[in-house]
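Biologist: I would like to learn how to read sheets, helix packing and cores in a model. Shall we begin with the strands?

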Amino acid sequence: MSYVQLPMVEVNVEDLLLDLANYRIPTRPDDEAAALNYLYAEEDVLGAAKLILRDGYFDNEVPIVIEDDRAFVVLEGNRRVSALKGLLDPDSVPSHAHDLRGLLKRYAVEAEDLPKAIRVLVAASREAANPHIARLHTTVPKKRWSRDQQANYYYSLLGPGVTVDNIKADYPDVDVVRFIKMAEMRRFLSGVAYRDPSLRDYVTGSGLAMSAFEYAYRNADIAAAIGASFDGDGHLRPTTQRPEGIAASLTDQQRAATEYLMVEFRAKRLNTRSPDFKKTTPEHAMLLAKLTGTIPLSTVDQACFPASHVRWANLIAPISELSDPGDPRRLEAFMVDVLERMAENGDTLAGEEDVLAAAANITATRPCPISRPLLNTYRLNARDLDEYGRWTPLAAAELAGGEPAYKLAHLRDVGLDITDHMIERRDARRFNLSFDPRAAIDGAFGPADPGDIEEEVARTEKAAGLGELFTSRLSVLVGPAGTGKTTLLQTLVAQPEIQQDGVLLLAPTGKARVQLQSKVNFEAQTLASFLVKKGGFDPNTGRYQSVDRAKRSKVGLVVIDEASMLTEEMLAATLSGLEGVKRLILVGDHRQLPPIGPGRPFVDLVEWLKPETFTGTARVGPGYVELTVFRRQKGEEGQRDDLALARWFGGEDLPGAADEIWQRLRVGSPSETLAYRRWADEGIVPTLIQAIETELGLEDATDPERAFKLTYGGHLSDDGKWVNWRTGDGGAGDRCEDWQVLSPTRSRVFGTVELNRLIKQRYRAGDLRRAENFYGHRPPKPIGPERIVMGDKVMQTRNDSRAKAYPDGAGMNYVANGEIGVVVGRASKSPNFANVEFSSQVGATYGYRPSSSDDPPLELAWAVTVHKSQGSEFGVTFLVLPSRVAVSRELLYTALTRQTRKVVILHEGTVDELFELASPALSETARRMTDLFRKPAPRELAFGDAMRRFDANLIHVAPGGVLVRSKNEVIVASILQGLAPDRWSYERPLSIDGVTKYPDFMIETPAGDEVIWEHLGMMSNPKYASDWEAKKAWYIAHGYRPFDDPAGPGTRGVLMWTDDSNGVDQPGWESMAKQILGSATPRRAAKKAPGRR
């Protein structure tokens, strides 16, 4: 038969059948499983499988098939097809399933590239295939290139006019970026200045296989240690330099780390591709310690001072001459370790006594005899640290009152950078106001309703704020969600004088960036993306550093949103990347969670700039703008219950009738914005499910799984049979944050991991089964241990600067840790990628290969932690609040301000226990010790059965150690302590006829009567003034006589009130109190006043 060209098609591997009529396969013609077992046993198919994993599958030898009624029968290429079948489904070859899984585990990265479909030549019949089969077996086939050779080939294609995208277009089935990385890394390693010259021969020759070494540089921690960072095309950064040039500029530590890796690889002592080498293993931790030089203190100390029973010789002592347990270097190391751990928890300095005590408590094989006399001897005490004989990472500091303290030297430098910058800005000449702020506000918001008094208050404070933001060189713009901060910024940015000087909008997270950009209607960047380009942030290590002067940005206005999330290091790095800035504005809500890391710079800046008093009704002063009027959609009575509750956890002055919300919770009053459910008896799972189905309208759904998908972005197909996951406006990414479950923790039954598992089990079982189907049209296979499939709501778990958005130009080509999205797409016969559309990049998708990896870049996200939710907004939130987890006041405030429509609280405790969580004693922000603009004043107070330490600058302590909410309440309490010692209480519940109120102060007179003293804040707000009148009427109706009506009825006692609308009038308040309470007649020492601690 003459030779003819056969047509080539792409076929799913699962649709290929072995040729059971082949004489080389002595099995029954209907037993493909037996045929697979035979080929693996007799034809070394396992070896072929290993080669495919190691070197990749290439169709230079295309299988030849014929088509029959069932599928495609493989006449030529049975061995390669069998290898692919076994790799894709090890259980199909029971006799070798264990070996196949071992290969897949060993070559886990390569396994991600296994093809699900391959090209084949289709012959019309066996007779037509014979000439082609004979040609293959009677000629000399080409030898397959190794991965290194493939890398060199694809790298050689780059040149003028030829980019990585061009090569990818020419070779669509090849992971071109991976091979570019191999080639770049080979050149990088050849440019390192090794102390051992033979290592250069090793890395440039055949001794080092890049297919093995890529497991090392694909590990972000290892790559960072050797100074390697890739862009999305596989080129080493900076891309303006050749790889050899980048290697030549490595630091000594990075060069030493690279040399250590090469020595270990050459000696075959290190195998980073081993399945046992994971980030969670001690081997990984020890390798990083050797590469970075950051070995834990306990490890170093144990080597220097081994336990008495250890038999091996101490090799370190002769080198370090370290034999005295009280050696100053050891004392110094213990103190640095203490300060580093404190910095992780937010403190940037600590008192000398605290450092000494913590260092003495460090567990060591030989106790460290650290003491004040020993520190004095070595000049390691804080006051004499300048006289210490060697360089030290310690720096001296002071607490309020001149008490000695310590800081880490790099945090001292960071703090000075911030304070110097801010003080210079505050003291600089202000700008002249060149426009009418009120006219600009009215222009932005439209005509005002003359009958809406509260709207007039809102516009008045926004106009005052707009004028201050324009004229000041440094400003903070603060206020809860819903008060219009970003709308005010939009009005400012729209001013021609602002735009002509340039505008830079920054936010700490990807989600916050998107919200800032959409609301201000101006392009925004994340802090990370802004600083990465300037060398101010290393995405591999997460470290912030100062920006070189030549790389600074010159722009007129800089706005940093969600500033409460900034650590001192983040803020200092950002400031170092700027120059010539006319106006710097930090925006946020300082009542939210403080940052994860050292400091609380936004809170410190707010406290520094906040005036002692305000001259008008607006809370605006030099460099300080606070918005107080909520304009987010309101209830019928003009007050949102959810935000009224959140105020109690914000640590600020409260309106006179603020306690009404607790009564509404207690009696279960219906609310459009707030619901409260207890789960102590039936448990969190049924309570959460019931809440979800009630709030999302699933109670009467005939198909709960389908109805559930429609709540966060799913769309019914035109025929109503399927739920599709569309992208773009109104699609999955756009709607995936319509609702969200929040929890303070990841662990335990009420943590996010378990809640996500339970939600998936209840509502997503059907889609999981379809994804696990290997045949026919199906979604991509599951990802990771959580079995993530199409339609699942997910969160990105790590920053990915190499991500590529599809289609080109639709996204940022960057996915940030914490971004939330949905796995989208359609089922197909050979789905290779799971695509995710994120809420912050609507219209763009990012591909993820199905994998069983234990550490995938995605995790389920119907439930997320409160920390992860910071900077986000959701339609409806379900807040899971267990009583067995310690929560801060700021965490609850953050959780209660994430929703735009409604929050549903699922509480293990009672309303009274929820009220206790609003105590100032539970403030995490006030616990931290920082010294940006004033020295901290540590003070210990009793709370329950324990003592808690606070920075007295951020708390208000009344006589008797009672924590109150404001300075004015401290004044009131001091008056009471003088007039009625031991007879007053603070926020003690008052219950009458089933209604509970929380008066500011209750006083018992010697005659047994009760006096209630309410101190009123924010009475300039007409709504709050109206609410107070209603509360006053309630007091009067229940037997409390107004103090200004001596002849009025009152069987229970007297009601008195003060406010600060005309400033602090302490003499007037005290005079009024004397008229009602009389003068004190001390008989004994005053006891500690009762009240909330």
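Modeller: Start with pairing: two strands pair if DSSP finds at least two bridges between them. Strands (E, at least two residues) and helices (H or I, at least four) are DSSP runs, numbered from the N terminus. This is a predicted model, with residues numbered from 1 along each chain as its sequence is written. Local features need pLDDT of at least 70, side-chain atom pairs count only at pLDDT 80 or more, totals for chains, interfaces and linings use all residues, and side-chain values use heavy atoms, leaving out hydrogens and water.

Biologist: In what order do the five strands of the open sheet run?

Modeller: Strands of a sheet pair through backbone hydrogen bonds, either parallel or antiparallel. Here the order is β20-β31-β30-β23-β29, with parallel pairing. β20 (674–678) and β29 (863–865) are the edges; each has a single partner strand, so one side of each lacks a neighbour in the sheet. On average, neighbouring strands are turned by 25 degrees against each other, direction ignored.

Biologist: How many bridges pair β23 with β29?

Modeller: Three, in the parallel sense; β23 covers residues 739–743. S743 has T865 of β29 as its bridge partner.

Biologist: And which strands run antiparallel, joined by six bridges?

Modeller: β32 (residues 938–943) and β33 (residues 946–951). L941 has R948 of β33 as its bridge partner. Two residues lie between the strands of this hairpin, and G944 takes a positive phi near 65 degrees.

Biologist: At what angle do helices α7 and α9 pack?

Modeller: Axes are lines fitted to C-alpha atoms, for helices over the stretch in contact; angles run from 0 to 180 degrees between N-to-C directions. α7 (residues 147–156) and α9 (residues 176–190) pack at about 95 degrees, axes 8 Å apart. That makes α7 roughly perpendicular (65 to 115 degrees) to α9. Contact means heavy atoms within 4.5 Å. Among the residues making it are R147 and Y154 of α7, and F179 and R186 of α9.

Biologist: Which residues have the most contacts inside the largest nonpolar core?

Modeller: Such a core is a set of buried (under 20% relative accessible area, 1.4 Å probe, protein chains only) Ala, Val, Leu, Ile, Met, Phe, Trp, Tyr and Cys residues joined through side-chain atoms within 4.5 Å. The largest has 85 residues, and F649, W662, W739, V741 and F878 have the most contacts inside it. Strand β30 (residues 874–881) gives the most, with six residues. Apart from it lies another core of 43 residues, among them M182, Y202, I222 and A257.

Note on methods:
Parallel < 35°, antiparallel > 145°, perpendicular 65-115°, else oblique. Buried < 20%, exposed > 50% of the residue type's maximum accessible area, 1.4 Å probe, protein only.
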